[in-house]
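I opened this model to look up a few strands, helices and single residues. My notes follow, in the order I took them.

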Amino acid sequence: MSEPQRAPGGFPVVGIIGGGQLARMCAGPAVELGITLSVLTEAPDASAALAVPSAPVGAHTDVETVRAFARGCDVVTFDHEHVPTAVLDALLEDGVAVRPGPQALLHAQDKLVMREALTAAGVPCPRWAAASTAEDVTDFAAEVGWPLVAKTPRGGYDGKGVLVAHGVADLEDWLARAADRGEPLLLEEAVPFVREVAVLLARSPSGQAAAWPVVETVQTEGICTEVIAPAPGLSEEAARRATAIGLDVAAMLEVTGVMAVELFQLEDGSVVVNELAMRPHNSGHWSMDGAVTGQFEQHLRAVLDLPLGSPRPRAPWTVMGNVLGGDHPELYPTYRHVMARDPELKVHLYGKGVRPGRKIGHVNVSGEDLADLRERARHAADYIEGAVLE
């Protein structure tokens, strides 16, 4: 595997395992910082491979492939959280700087490990249990009531691997598949939340940390469709408490890089942790245009142990709208239209083929009138998708 071309002046190479849109969106900030990116990608036409010159193709599960890739990098980080721990341990044995490290990353890879660690540390979480049998399910339901939320501990995202169960019969197939995999299900109480919010922060190996404002995330059928920064109506005290939870978790797990903490906000204003992501995250895409330092630049700074940039917002409000795949594969005409219709809009497309429900891009718009911004972001995202025609 050929090594990436280094920039003169002693600037480092950051290797990213995974060729999705998160790696792709690191390309612009890397150029601005003067560093070189190299991406281990799944295919030559993957999202990041279309934007990063050094993009060798290889499997993130193959230890020798990953080792060969890492030899040309000063630090290795991730576009996704699915690299096996054994592969990352091999990199550490080779002396590679892996950020976040495998022990931290495990808490984003395995939801049961996450729940155990957070509960032991006193971090507010929904009531939960591991379940391998129907009896385990009925015992937990007797404690918290129906419905229950069942999750596969590994691999779920964007609503996948999550099921709201109203009785044991709903979980028969899931229990059978879990038995085949040799792992239990994660059961959680159905939290009566009023909305979902997220804390996004970055932490460097030297312990410096910086957090963006707490945002509200809007979900549609399990997929995030809108992010509002900052979360409307969130008191300063509630924002401080939520941010403190995120900073405490990052320090406890020794996270390096960007981390997102997804939270349920309850009626009394308190929050409980839903999930963790140890990489740039959909809830932070607004920061690309709406903050002094966007999450992709900050992630690169953090994993290189560079001084972190300011996360301060540039405007009172920024709204991000996700563009999902629809029935129209040709995006360029609708992309041109929304740019002409709203010159203040920022459009980010991922170079992905269109598939219904797939995240293929997002739009950002900032300003002072929140209702207007939400309408403009939603219209633009829907128009690019082909859901509206005027």
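I began with a bridge: Val 149 has Glu 188 in β7 as its bridge partner. Before going on, I noted that this is a predicted model, where local features need pLDDT of at least 70, side-chain atom pairs count only at pLDDT 80 or more, and totals for chains, interfaces and linings use all residues. Numbering starts from 1 along each chain as its sequence is written, and side-chain values use heavy atoms, with hydrogens and water left out.

**The open sheet**

I looked up the two strands around that bridge. β5 (residues 148-151) and β7 (residues 185-189) pair in the antiparallel sense, over four bridges. Pairing here takes at least two DSSP bridges between two strands. Strands are DSSP runs of E, at least two residues; helices are runs of H or I, at least four residues; both are numbered from the N terminus.

I then traced the whole sheet. It is open, with four strands in the order β4-β7-β5-β6 and antiparallel pairing. Which strands stand at the edges? They are β4 (128-131) and β6 (162-165); each has a single partner strand, so one side of each lacks a neighbour in the sheet. From one strand to the next, the twist averages 25°.

Next I checked the helices lying across these strands. Helix α6 (residues 111-120) lies across β4, β5 and β7, at about 140° to β4. Helix α8 (residues 172-181) lies across β4, β5, β6 and β7, at about 140° to β7. Axes are lines fitted to C-alpha atoms, for helices over the stretch in contact, and angles run from 0 to 180 degrees between N-to-C directions.

**Asn 274**

I found Asn 274 in strand β13 (residues 271-277). Is Asn 274 buried or exposed? Asn 274 is buried, at 8% relative accessibility. Buried means under 20% relative accessible area, exposed over 50%, partly exposed in between (1.4 Å probe, protein chains only). Beyond four places in sequence, Asn 274 touches residues including Met 114, Arg 115 and Lys 151. Contact means heavy atoms within 4.5 Å.

**Helix α11**

I counted burial along α11 (residues 295-303). Nine of the nine residues are buried, so the helix is largely enclosed by the rest of the structure. Among them are Glu 297, His 299 and Arg 301. Asp 305 follows α11, and its phi is positive, near 60°.

**Ile 360**

I ended at Ile 360, in strand β16 (residues 359-367). Ile 360 is buried, with 1% relative accessible area. Its contacts beyond four places in sequence include Val 323, Leu 331 and Tyr 350. Leu 331 is 29 residues away along the chain, and the two C-alpha atoms are separated by 9.8 Å.
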